[in-house]
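Student: Please take a close look at one residue and its surroundings. Then set that part in the wider chain.

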Amino acid sequence: MRLINYRKMNNWDKNTYQRIEQALLLKDSIEVLFENGDEAKVSLKSILPISFDEGQVEMDFNSYEVILKNTESSAIIPWSKIRVLTDIEYSRYMVGQAEQQAKEIGKKIKGLRERKGIKSNELADRSGLTAQTISRIERGHTDVSFGTLKKMLAAMGLTLKELADYQLEEQHLPDMSFNHLLRRLSKAGIDSKFLLNKLIPKRIDLDNLKGDLPPLLLNEIISYIKTVYNWSSELIWSDDDLYIDDNASKLAFYKKPINSNLYQIKAYSHYAYYISKLVLQSTGSLEKQDYPEDTDQFRKLFKKTKIIDFESCLSIVWDLGICVMPLRDKGLFHGASWNIDGRHIIILKQTSNSQAKWLFDLLHELYHVFAHLDELNTSVIETEEIGPAANQSAVEEAEANSFAHTVLFDGSTEDIVNKCLSLANYKIENLKTAVNKVSKEENIGEDVLANYLAYRLSLQNENWWSTANSLQITYPDPYDIAIKYLKDNLENNINNPIEANLLAMAINN
């Protein structure tokens, strides 16, 4: 289809724009001359119903319609359809009208629902539609079919006439202040501290801004939130609750969180998942290698190092093609691992600066990658602290801990523990010296061995953690080590400035 003698205009309400002066039937198209002088040519296929036989077609027309006939039926083509197909300005206008109509219908349905005292999830149950579909219809984000509309109205005990007669009440302007935004985000699980540290660029100095934020800055903050959580500006400022999309992060808890704010866990997990996707995007040339089939094969990868420490393990994990993203935020969750479109990434989330603790967490998560993340787009979210002293009631968590100990102690955990106890004459005050000696003889990190012994003693109600903590290696900071490996592997190929800033904030905070 094409427009002949196109003249940009927006006066479609005028009769001369609408009235047809002449129409000509060609072999596979029609040419129409409008009263204002515009000529338009459209193909028969674009305007005829699919069932219409184009073989023998005759044409007639009047001032506002073209009538096409065959031996079986006829099709009436109004002037507006021809204009929509040939005048881009009019087409855009009609799209806007349709969107506005959808919004008006959505507002009316929402108003009637609220007037009836019916919650959106209740309407979903009654009508057989999803809550997401109802939300999109009420916000005018999708056209509602006649059948769907009848279902929604019937579920509320209403008729089409009542919908048509319903008058929308005067709408109050939404509260678009920063404080209102904070309240809405907090309800969705995004607290102010997380928002300020991870989602708002540091150059927006909120501490020195008095009163409400200027609209430009507020819009910029909204753009970052929208990017991570895929919410529209309209939804963010609306009265509808903000929900985190579960499917985005594929949340899988081997142990369900107790006394935790599940909304906050979902919000933070979604953020970590989003950052993980950016990391994978920016490490596209990193090749995935064949993973070791068992613990012995994995230990053989450490042939270049005498003692398995955090950096040597981190290096091997990256060599396998597995990305590692360190985070140092408090609470919410304690680690994660994802399979995103066939590539693996581990989130290490520790506030400690103990290399031994970071090493244990890395091996723990690595086991989940090897054992539990074969399927595409799956995940493990650690909602409780990782470590030998942590609750291991979930079989998968106990297995991950066992894998970490087997790697670190080369399958001789009990022999090494007994060797330490024997050398210390089973006296706790001699244990520090014994750990120092045994760690050298067995090529095990002194800090690693101390942590495990402290854990084993805690099972007998003996507290040796203070001594174990004094043996920890804290320099260089394991977080800095992990960040360096991450930065060395990033390709800086993210062109979207908001996404680039979000990744930079995650890395540099």
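Tutor: T474 touches N353 and S354, leaving aside residues up to four places away in sequence. Touching here is contact, meaning heavy atoms within 4.5 Å. This is a predicted model: local features need pLDDT of at least 70, side-chain atom pairs count only at pLDDT 80 or more, and totals for chains, interfaces and linings use all residues. Residues are numbered from 1 along each chain as its sequence is written, and side-chain values use heavy atoms, with hydrogens and water left out.

T474 sits in the loop between α22 (465-470) and α23 (478-489). Helices (H or I, at least four residues) and strands (E, at least two) are DSSP runs, numbered from the N terminus. T474 is partly exposed, at a relative accessible area of 34%. The cut-offs are under 20% for buried and over 50% for exposed, with partly exposed in between (1.4 Å probe, protein chains only). D447 lies 27 residues from T474 along the chain, and their C-alpha atoms are 9.8 Å apart.

Now the wider chain. The chain has 24 helices and 11 strands. Of its 509 residues, 45% are buried. Among contacts with a separation of 6 or more, 64% join residues 24 or more positions apart.

Two strands pair if DSSP finds at least two bridges between them. β9 (residues 335-340) pairs with β11 in the antiparallel sense over 5 bridges. G335 has E382 in β11 as its bridge partner.
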